[in-house]
Amino acid sequence: MRVPAFAAIVALSLPLAVAACGSGDVSVTNASPEEVAAKVDAAGGARFNPGEWETTVETVSIDIPGLEGRMKDEMTKLMLQQKQVGKNCVTPEQAKSPPAEVLAQSKGRCTYETFNMAGGKIDGTLVCDADTGKMTMKISGTFSDDDFAIDNEMETTMPGGARTMKIKAKTTGKRVGDCPGTKA
């Protein structure tokens with residue numbers, strides 16, 4: 001699985017993590033991302049504050065079997081230096097539930113084996129089957145109305161099951177103010 005695919009899976013899990021800021025508890029097993037989003041919405045949806053949010057995704061560690069010596073060192077250095085920081089404006093409407101277009105990216109290939117949110121904490125395991133192998137992502141973290149911190153552990157089993165690539169990342173987000181061009 002290429003690094004951009006990892007970023008796409010993180011993008012798939014983030015809206016649910018942010019949406020988990022609702023007041024109701026959710027606990028599901030063997031559910032699609034769309035089903036999890038519906039449960040989160042039914043439990044009260046997102047109660048986080050709309051506005052401008054800054055999100056940071058940082059790779060903490062990688063293990064890519066088959067890479068040795070200089071190639072492994074260069075790949076590790078490159079990936080560990082990647083820190084993606086982005087800002088986006090979240091409207092009150094968007095804050096109510098995850099965007100459908102993000103959830104549709106799973107194209108029916110992903111299932112949450114478990115998804116739990118309660119008391120400002122979130123925990124889940126997302127499994128996706130793809131042409132490049134099977135990907136399992138574990139997410140756990142905390143959230144409030146104005147911030148979240150999620151740890152991601154991803155394992156991708158290559159076709160044939162002979163090798164497993166492992167990547168750990170941290171994703172944080174915080175509300176940094178009102179959206180540019182809007183009045184308080």
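A residue is called buried when its relative accessible area is under 20%, exposed when that area is over 50%, and partly exposed in between, with a 1.4 Å probe and protein chains only. The structure shown is a predicted model, in which local features need pLDDT of at least 70 and side-chain atom pairs count only at pLDDT 80 or more, while totals for chains, interfaces and linings use all residues. Residues are numbered from 1 along each chain as its sequence is written, and side-chain values use heavy atoms, with hydrogens and water left out.

**View 1. The stacked rings of Trp-53 and Phe-148.** Phe-148 is buried, with a relative accessible area of 4%, and Trp-53 is buried as well, with a value of 2%. The structure holds two aromatic pairs, where rings of Phe, Tyr and Trp (its six-membered ring) pair if their centres lie within 6.5 Å, and planes under 30 degrees apart count as stacked, over 60 as edge-to-face and the rest as tilted. In the pair shown here, the ring centres of Trp-53 and Phe-148 are 6.1 Å apart and the planes meet at 25°, so the pair is stacked. This pair links distant parts of the chain, since Trp-53 belongs to strand β2 and Phe-148 to strand β7 (residues 147-157), 95 residues apart. Strands (E, at least two residues) and helices (H or I, at least four) are DSSP runs, numbered from the N terminus.

**View 2. The edge-to-face rings of Tyr-112 and Phe-115.** For this aromatic pair, the distance is 5.4 Å centre to centre, with 80° between the planes. Tyr-112 and Phe-115 are both buried.

**View 3. The largest nonpolar core.** A nonpolar core is a set of buried Ala, Val, Leu, Ile, Met, Phe, Trp, Tyr and Cys residues joined through side-chain atoms within 4.5 Å. The largest has 30 residues, of which Val-26, Val-36 and Phe-115 touch the most other members. Among the elements that give two or more residues to this core are α2 (33-42), β4 (110-118) and β8 (164-177).

**View 4. Gly-51 and Thr-56 in strand β2.** Gly-51 counts as buried because its relative accessibility is 4%, and Thr-56, in the strand that spans residues 51-63, is buried at 13%. With contact meaning heavy atoms within 4.5 Å, and leaving aside neighbours within four places in sequence, Thr-56 is in contact with Lys-83, Gln-84, Val-85, Lys-170, Thr-171 and Thr-172. Gly-51, with neighbours up to four places away not counted, touches residues including Asn-88, Cys-89 and Arg-175. Gly-51 and Thr-91 are 40 residues apart in sequence, yet 6.4 Å apart in space, C-alpha to C-alpha.
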